[in-house]
Amino acid sequence: MDVQGSLSGELEAYGYFRNFPLLLRFFSGVEYLICRLPESIVCSSPASHNFLLSRCAVAAEKVTLLADVVPDTFFQIRDKNIMRQRKGVPQERDVVIYTGSLLVGKGVDILLEAVEEIATIHPEWFFVFLGYPVEWLQKEVKSRGLEQSVLIPGEVSYLQLAEWLAVADIAVDPKKSGSGEASGKILHYMATGLPVVCFELLNNRQLLEENCFYAADISPHGLVQAMELAFINRERWHDIGIKAQTRVADFYSATHAGKILLEIYNI
């Protein structure tokens, strides 16, 4: 069985059980039973590993932690000015990028609140929200008067993701839920050498260690302060980027993951 995170935890994070607590107990119970059926389980994050052992009482010897991997193309160096010209991103602005689902459960609402605060104190900053669905976010950006500070390209091919990451100065992951799902976006940020701003969650700490600008608290203002810290410490960007790329290459490569899977299947 391949476990990416807790289904009940993810649905709870999206607010689906807010008015139906009994449904949450039902989903949690079904999830508990399902996770005890397989002979072997592969999970993608320390949080999901802990979820399986503590909440589902799965025997430790049945669970293998196998992190997500990043293709080699993300390690290639790309010219930032050329990429910005191609993607329609202002050359003179400080650019922050978010990639992934544009949903409340991913913390996009918190990031949007942070952008609104930043627009008044750092008008030179520019934000790229790359992902989908875009309708609600476009309405929010317009209603808050943030059109000059935000670009929403919509859904793009995974093959273009590295080019989009190349337009940015820093990257952000505002997710705050405890579903146990690993953050694949952070691995891609690291592979391209981008400084990362995020909340200090178990998964994030395991991936980034000290090579990150962590928000002091889980709030829009906490994100704002962490992003400000990142831009103040530009001299650290190169060192952070090199360490992050090295860590991804050493521990999150396809070759490393393949060896572990072969051992699990006794091949």
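Modeller: Happy to! This is a predicted model, so local features need pLDDT of at least 70 and side-chain atom pairs count only at pLDDT 80 or more, while totals for chains, interfaces and linings use all residues. Residues are numbered from 1 along each chain as its sequence is written, and side-chain values use heavy atoms, with hydrogens and water left out.

Biologist: Why is aspartate 169 called buried?

Modeller: Buried means under 20% relative accessible area, exposed over 50%, and partly exposed in between (1.4 Å probe, protein chains only). Aspartate 169 has 9% relative accessibility, so this residue counts as buried.

Biologist: And what makes aspartate 169 and lysine 80 a salt bridge?

Modeller: The term asks for a side-chain nitrogen of Lys or Arg within 4 Å of a carboxyl oxygen of Asp or Glu. Here the N to O distance is 2.8 Å, and the two side chains meet in a salt bridge. The pair links distant parts of the chain, 89 residues apart: aspartate 169 sits in the loop between H7 and S7, lysine 80 in helix H4 (residues 80-87). Helices here are DSSP runs of H or I with at least four residues, strands are runs of E with at least two, and both are numbered from the N terminus.

Biologist: What does alanine 166 touch?

Modeller: Leaving out residues up to four places away in sequence, alanine 166 touches Arg78, Lys80 and Met83. Contact means heavy atoms within 4.5 Å. Alanine 166 is itself buried, because its relative accessible area is 16%.

Biologist: How do you know that lysine 87 and glutamate 163 are joined?

Modeller: Their closest N and O atoms are 3.1 Å apart, and they form a salt bridge. Lysine 87 is in helix H4 and glutamate 163 in helix H7, 76 residues apart. Lysine 87 counts as buried at 17%, whereas glutamate 163 is partly exposed at 24%.

Biologist: Why are S6 and S9 at the edges of the sheet?

Modeller: Six strands form an open, parallel sheet in the order S6-S5-S4-S7-S8-S9. S6 (150-154) and S9 (213-215) each have a single partner strand, so one side of each lacks a neighbour in the sheet. Two strands pair if DSSP finds at least two bridges between them. S8 (residues 196-199) and S9 have three, in the parallel sense.
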